[in-house]
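These notebook entries record what I looked up in one structure.

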Amino acid sequence: PNANPLYLTPIFGYGLGRIVPQGLLRSSIFAEIVLLGFFAPALREEKHRRRVGLWALSASYLLFLASSLVFTAVFDLPGAAEAFFPVYQLARLISLAEFFQRAEAIFIFLWFFTAVIELAAIFYATAYILCRTFFLPSHRPLLFPLAVIVYSVGFLPDSFAQALRLDVDFLRVYGWIPAFLFPALLWAGAVLRGKKGGAT
């Protein structure tokens, strides 16, 4: 009931000429889809790998789109641009009758476990990549030193605001390079090398 559809107009905002480049530049928000390449061997059939990848990418895109539309319809564009935790602010507005309020506590509980699963997957993938890069027999010896490094890096920002600013202005802007550009270059090199090897 708090949404106002007029806040979504104009539909294309500042114009496609500005939206598309900025959207591609910040496409690193979908960088976790790269993890599918590390867990894909667990799926035996190749058609299942493609289907899982398409479903995961489509579902995440639709969730991001729906949350962005709802949040903008509730808080308008200036309010949406200044929000740090948009979905949390939306959850605070949930009120079912007078006896069921503060529903954001339930969402925080779910978000916490989702974040733990995501961080565990990224941590495992990082250890696996290092193991394969340096031709190590097992990734297990890397887990404790890598955990210490990650924990130490977390103390480098002076404040939460600075950490959030680094994420928005640096990681989200340049994160597409290691997430998408490097794997694309490696894939192109592997294809070219495979063709050359087959020709000879």
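The model is a predicted one.

**Entry 1: a pocket**

I looked up the second largest pocket, which holds about 280 Å³ of space. I then asked which helices each supply at least two residues of its lining. These are α3 (46-82), α4 (86-92) and α5. The largest share comes from α4, with three residues.

I listed the lining by name: Pro1, Asn2, Ala3, Val70, Val74, Val87, Leu90, Ala91, Leu93, Ile94, Phe107 and Trp111. Sorted by class, the lining has 11 nonpolar residues, one polar residue and no charged residues.

I compared the two lists of names.

Is phenylalanine 112 buried or exposed? Its relative accessible area is 51%, and the cut-off for exposed is over 50%, so phenylalanine 112 counts as exposed.

**Entry 2: salt bridges**

I searched the whole structure for salt bridges and found two.

One joins the side chains of arginine 165 and aspartate 169, at 3.8 Å from N to O. Both residues lie in helix α7 (residues 160-174). They are four residues apart, about one turn of the helix. Arginine 165 is partly exposed at 44% relative accessibility, and aspartate 169 is partly exposed at 41%.

The other joins the side chains of aspartate 167 and arginine 172, at 3.7 Å from N to O. How far are these two partners covered? Aspartate 167 has a relative accessibility of 23% and arginine 172 has 27%. Buried requires under 20% and exposed over 50%, so aspartate 167 is partly exposed, and arginine 172 is therefore partly exposed as well.

**Entry 3: a backbone angle**

I checked phi at phenylalanine 135 and found a value near 55°, which is positive in a residue other than glycine. For context, most residues other than glycine have a negative phi. Where is phenylalanine 135 placed? It is in the loop between α5 and α6. Phenylalanine 135 is exposed, with a relative accessible area of 74%.

**Entry 4: residues and distances**

I looked up phenylalanine 144, which is placed in helix α6 (residues 140-153). At 65% relative accessibility, phenylalanine 144 counts as exposed. Between phenylalanine 144 and histidine 48 there are 96 residues of separation in sequence and 34 Å in space, C-alpha to C-alpha.

I then took aspartate 76, in helix α3. Aspartate 76 counts as partly exposed at 25% relative accessibility. How many Å separate the C-alpha atoms of aspartate 76 and proline 5? The separation is 9.5 Å, with the two residues 71 residues apart along the chain.

Last, I looked up isoleucine 11, found in the segment before α1 (16-25). Isoleucine 11 has a relative accessible area of 67% and is exposed. Isoleucine 11 and serine 27 are 20 Å apart in space, C-alpha to C-alpha, and 16 residues apart in sequence.

Terms used. Residues numbered from 1 in each chain as written. Predicted model: local features only at pLDDT ≥ 70, side-chain atom pairs only at ≥ 80, totals over all residues. Heavy atoms only, no water. Buried < 20%, exposed > 50% of the residue type's maximum accessible area, 1.4 Å probe, protein only. 1 Å grid on protein atoms, 1.4 Å probe; cavity = no way out; pocket = protein on both sides within 12 Å on 5 of 7 lines; lining within 4 Å. Points joined across faces, edges and corners; volume = space filled by probe spheres on them. Nonpolar A, V, L, I, M, F, W, Y, C, P; charged D, E, K, R; others polar. Salt bridge = Lys/Arg side-chain N within 4 Å of Asp/Glu carboxyl O.
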